[in-house]
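These are my notebook entries on a structure that I looked through by topic. The structure itself comes first and the entries follow.

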Number of protein chains: 2
Amino acid sequence: MNLNVYLQEKKDLVDAALDRYLPPAEKFPRSVHQAMRHILFAGGKRLRPVLALSAGELVGGNTRNILPCACALELIHTYSLIHDDLPAMDNDDYRRGMLTTHKQFGEATAVLAGDALLTEAFRLLSCEEVKEKFPAGVLIEVINEVAFTAGSGGMIGGQVVDIESEGKEIDPPLLEYIHTHKTGALILTSVRMGAKLGGANAMEIGALTRYGESIGLAFQIVDDLLNVEGDREEMGKSPGTDAVQSKATYPHLLGVSESKRRAEDLVASAHKALEPFGSKADVLKEIATFVISRRY
Amino acid sequence: MNLNVYLQEKKDLVDAALDRYLPPAEKFPRSVHQAMRHILFAGGKRLRPVLALSAGELVGGNTRNILPCACALELIHTYSLIHDDLPAMDNDDYRRGMLTTHKQFGEATAVLAGDALLTEAFRLLSCEEVKEKFPAGVLIEVINEVAFTAGSGGMIGGQVVDIESEGKEIDPPLLEYIHTHKTGALILTSVRMGAKLGGANAMEIGALTRYGESIGLAFQIVDDLLNVEGDREEMGKSPGTDAVQSKATYPHLLGVSESKRRAEDLVASAHKALEPFGSKADVLKEIATFVISRRY
């Protein structure tokens, strides 16, 4: 199997589903429905949905059935990007090679489009199509985990500490808090969602949880490294912006080569966690390797 | 029964539950947990949770069991106030007699505290305590209705059109769209949530839906009237701010006396919808009357 072909196929599936599930851009009131789609369809990798689908497939789940819930993860990721880019937060003008949502649609619409995407995620997780395919008790568990992950004990907590640490010297445990909460938590939850909806047993959920924790943190360390070294065109945003805002990053705290070693160790842990699955887990293994070799 | 005593008892119940279910103010990261509580505990009427509890009781439901879900409604209402007050939206400095969240904690924290309250609502609706008390299928339905109501087809849609109509002449149908979506939808959903969790049959849900639609719109018309006539001290915010921003309101469009008549008609419809319940529905009847006689 060629990983790029696999990722592209899954991305196409997710993109088509997102377009189908989201309110049409022409629906009244148009401004917010257009703003909800602006960054969403500006070419993300769909890493979180792909992880949910791949973890689900690994334990015998049905990709089509998991698809709406997997899309909810991308909506939450996109809402967090829109709000993080706001002038009061990171004040970014570009994202995925496009103007950020507030630059394109104004600040009020950007706040509301983010709010709407977050809300829409929970609508999708509880929609009729999903309700028909899974036991309601499992769905409630998944909704609860997604809500916890997106909340002040997860992503929002990470973002708060990230903003409050700007320009301050912080220690490695606090940096790990920021990264595991702001980015790692939703990646972990994506893997666990796929496992649960795919019908994984407790042993399988345990193994996939260790996998998700490792790649979640590895992903953010690589993001930090790309921000130092990356190429503007490939990334679609300005590299070096973290340094300008003196944000806490792994390269800043541990140096570039130590950060790379850390990311490689985490990928090795991710691979190890998948051992019980044998060659069935090759896709997830390759995704872990992709996470640290990616250039964007 | 004295309505004021009843409302105060229910408000105390809801306040204690909100304090119990929300992350403590001291929990790391403190700023966002304090900001989440700032306006929430500045003395709201808890109308939405009270409606859910009262509708639930009417059809034989258990108040204690419905309480966490009722609290979720107040979290969504409060998140919408925090985001609506932002400089990019209504740019309000005071709310419930206190500084608005962005004035007290800064804009970034206010955006994130609103996000966190919205997310926390869905965590509460799917928490272990709730899962133990209700069939999972009913909870999924309730979650889906709340998500739809809070989304771009409900509250957010209403807020978008409200902002975009500022300073423009709008017609009565558009004004009704704003009011039914921005305010009415969550009031209706509060009543319906109580009915569904209380185990209402289809006829009861139908009657309570008509009740909820009527008081939802009546509530917003009275809000418009209070904004023209209200007393600053009783309201805790500046009356007349809508006129300053030339917002679309019923008194502006229909005049004060015609708006009052409209609100009274709606309360009469609400009373009529409750007829099948007989005297058991006296509390909900009195709440409808309270909605148009309130001074704050």
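This is a predicted model: local features need pLDDT of at least 70, side-chain atom pairs count only at pLDDT 80 or more; totals for chains, interfaces and linings use all residues.

**Entry 1. Helix 9 of chain B.** I asked against which elements the buried residues of helix 9 of chain B pack. I found helix 2 and helix 6 of chain A, together with helix 4 (63–84), helix 8 (136–150) and helix 10 (172–197) of chain B. I then listed the buried residues of helix 9 of chain B: Met155(B), Ile156(B), Gly157(B), Gly158(B), Gln159(B), Val160(B), Val161(B), Asp162(B) and Ile163(B). Because nine of the ten residues of helix 9 (residues 155–164) of chain B are buried, I record this helix as largely enclosed by the rest of the structure.

**Entry 2. Helix 9 and helix 10 of chain B.** I looked up the geometry of this pair. The axes of helix 9 and helix 10 of chain B are 7 Å apart, and the two helices pack at an angle of about 140°. I therefore note helix 9 of chain B as oblique to helix 10 of chain B. The crossing of helix 9 of chain B past helix 10 of chain B is left-handed. On the side of helix 9 of chain B, the contact is made by Met155(B), Gly157(B), Gly158(B), Gln159(B), Val161(B) and Asp162(B). Helix 10 of chain B contributes Leu174(B), Tyr177(B), Ile178(B), His181(B), Lys182(B), Ala185(B) and Leu186(B).

**Entry 3. Helix 10 and helix 11 of chain A.** I next turned to a helix pair in the other chain. The axes of helix 10 (residues 172–197) and helix 11 (residues 202–229) of chain A come within 8 Å and cross at roughly 150°. In this case helix 10 of chain A passes helix 11 of chain A in a right-handed crossing. The contact of helix 10 of chain A with helix 11 of chain A divides into ten nonpolar, eight polar and four charged residues.

**Entry 4. The interface.** I asked how many residues each chain gives to the contact between chain A and chain B. The count is 44 residues from chain A and 44 residues from chain B. On the side of chain A that touches chain B, the elements giving two or more residues are helix 2, helix 6 (107–125), helix 8 (136–150) and helix 9 (155–164) of chain A. Helix 6 of chain A gives the most to that side, with twelve residues. I classed the side of chain A that touches chain B as 25 nonpolar, 13 polar and six charged residues. Since 100% of the interface residues of chain A are also interface residues in chain B, the copies meet through the same surface.

**Entry 5. Symmetry.** I superposed the copies. Chain A can be laid on chain B with an RMSD of 0.0 Å by a turn of 180° and a shift of 0.0 Å along the axis. I recorded this as the relation of a two-fold axis. Of the residues of chain A, Ala136(A) comes closest to the rotation axis, at 2.6 Å (C-alpha).

**Entry 6. Cis peptide bonds.** I checked omega in both chains. The bond from Phe28(A) to Pro29(A) is cis, with omega near -10°. Pro29(A) lies in the loop between helix 1 (3–21) and helix 2 (30–38) of chain A. In chain B, a cis peptide bond joins Phe28(B) and Pro29(B), with omega about -10°. I place Pro29(B) in the loop between helix 1 (3–21) and helix 2 (30–38) of chain B.

**Entry 7. Positive phi.** I asked where Arg96(A) is placed. Arg96(A) sits in the loop between strand 1 (94–95) and strand 2 (98–99) of chain A. Although Arg96(A) is not a glycine, it has a positive phi of about 50°. I counted 19 other C-beta atoms within 10 Å of Arg96(A), which is partly exposed. For Arg96(B), also not a glycine, I noted a positive phi of about 50°.

Notes:
Residues are numbered from 1 along each chain as its sequence is written. Chains are lettered from A and ligands numbered from 1 in the order in which they are written. Helices (H or I, at least four residues) and strands (E, at least two) are DSSP runs, numbered from the N terminus. A residue is buried if 20 or more other C-beta atoms lie within 10 Å of its own, exposed if 12 or fewer, and partly exposed in between; C-beta atoms are placed from the backbone. Two residues are in contact if their C-beta atoms, placed from the backbone, lie within 7 Å. Ala, Val, Leu, Ile, Met, Phe, Trp, Tyr, Cys and Pro count as nonpolar, Asp, Glu, Lys and Arg as charged, and the others, Gly among them, as polar. Copies are superposed by least squares on the C-alpha atoms of residues with pLDDT of at least 70 in both. Axes are lines fitted to C-alpha atoms, for helices over the stretch in contact, and angles run from 0 to 180 degrees between N-to-C directions. Angles under 35 degrees count as roughly parallel, over 145 as roughly antiparallel, 65 to 115 as roughly perpendicular and the rest as oblique. A crossing is left-handed if the near helix is turned anticlockwise from the far one by less than a right angle, and right-handed if clockwise.
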